[in-house]
Amino acid sequence: TAIRHNTNALIVGNDTETAENLFGIVKLFHEQMSPEFRPAFKYSTKRGMVFEDKDNPENSLHSSIAVAWASKSSVGVSRTLSILHLSEVAFYKYPEIAISNVLGSIQLEPDTSIIMESTANYAGSYFKKMCLRAQKGEPPWRFLFIPWTMAPEYRIPLSSGEHLYLTKEEDYLVKEFGLTLEQVKWRRFKISEMKGDEMLFREK
């Protein structure tokens with residue numbers, strides 16, 4: 001949105017805090033852009049940015065980014081969107097209502113993007129059903145799973161001379177998924193934080 005003309009984007013979080021945190025990332029991205037690419041904006045609040053150049057209207061993007069939360073029944077109403085980011089969908093209280101409302105605001109044209117993502121939540125049956133549909137190749141969705149093992153920060157370095165003696169489960173993970181010992185150590189630490197509840201770790 002920050003580099004495209006006539007593009008309106010909406011980020012929908014499961015609650016106010018999540019939505020505003022996501023928008024903070026958007027604002028940081030804008031601030032860190034190279035000056036030659038950073039678009040001028042008309043105004044910026046905790047819930048939105050409008051990219052308009054008051055001093056040079058011809059160079060305005062006429063685009064915007066806004067945030068909302070799924071608990072609002074009117075989410076997406078009266079908007080015309082090209083990009084929609086639905087975040088932590090498995091934690092939406094009433095996902096069917098919130099998502100059906102906001103999908104009505106999407107323009108089904110080239111370059112339209114709808115992203116629906118979430119961390120795991122046992123009660124998130126709506127999101128689970130959507131993932132299963134996408135895995136089956138049902139249009140218009142595409143399925144993408146990103147495991148924790150791809151995150152470089154999810155590891156703890158071994159101390160000098162430290163050796164890990166792997167459990168049967170850990171040995172399987174190392175052989176099947178290529179976990180490093182640093183990742184195994186991180187995994188142990190997180191499970192310990194959860195009072196040894198491995199099922200809870202898998203969920204989170």
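This is a predicted model: local features need pLDDT of at least 70, side-chain atom pairs count only at pLDDT 80 or more; totals for chains, interfaces and linings use all residues.
The largest nonpolar core holds 23 residues. Among its members, Leu 10, Val 12, Leu 84, Leu 86, Val 89 and Met 116 touch the most others. At least two core residues come from each of strand E1 (8-13), strand E4 (63-69), strand E5 (83-87), helix H2 (95-103) and helix H3 (125-135). H3 gives the largest share, with five residues. The contacts of Met 116 illustrate the packing. Beyond its neighbours within four places in sequence, Met 116 is in contact with Leu 86, Val 89, Ile 99, Tyr 126, Phe 127, Met 130 and Trp 141. In soluble globular proteins, nonpolar side chains tend to be buried together.

Helix H5 covers residues 181-193. The buried residues of H5 are Gln 183, Val 184, Lys 185, Trp 186, Arg 187 and Ile 191. They pack against helix H4 (168-177) and helix H6 (198-203). Just after H5, Lys 195 adopts a positive phi of about 60 degrees.

The model contains nine salt bridges. One of them pairs the side chains of Arg 187 and Glu 169, at 4.0 Å from N to O. Arg 187 belongs to H5 and Glu 169 to H4, so this pair ties together parts 18 residues apart in sequence. Arg 187 has a relative accessibility of 6% and therefore counts as buried. Glu 169, at 29%, is partly exposed. Glu 169 also meets Arg 202 in a salt bridge, with an N to O distance of 3.4 Å. Here Glu 169 lies in H4 and Arg 202 in H6, so the linked parts are 33 residues apart in sequence.

The side chains of Glu 193 and Lys 190 meet at 2.7 Å, N to O. These two residues are three apart, about one turn of the helix. An α-helix has 3.6 residues a turn, so residues three or four places apart point the same way. Glu 193 is partly exposed at 47% relative accessibility. Lys 190 is partly exposed as well, at 24%. Elsewhere, salt bridges with shared partners join Glu 169, Arg 187, Glu 198 and Arg 202 into one network.

Methods:
Residues are numbered from 1 along each chain as its sequence is written. Side-chain values use heavy atoms; hydrogens and water are left out. A nonpolar core is a set of buried Ala, Val, Leu, Ile, Met, Phe, Trp, Tyr and Cys residues joined through side-chain atoms within 4.5 Å. Buried means under 20% relative accessible area, exposed over 50%, partly exposed in between (1.4 Å probe, protein chains only). Helices (H or I, at least four residues) and strands (E, at least two) are DSSP runs, numbered from the N terminus. Contact means heavy atoms within 4.5 Å. The expected span of a helix is 1.5 Å times one less than its number of residues.
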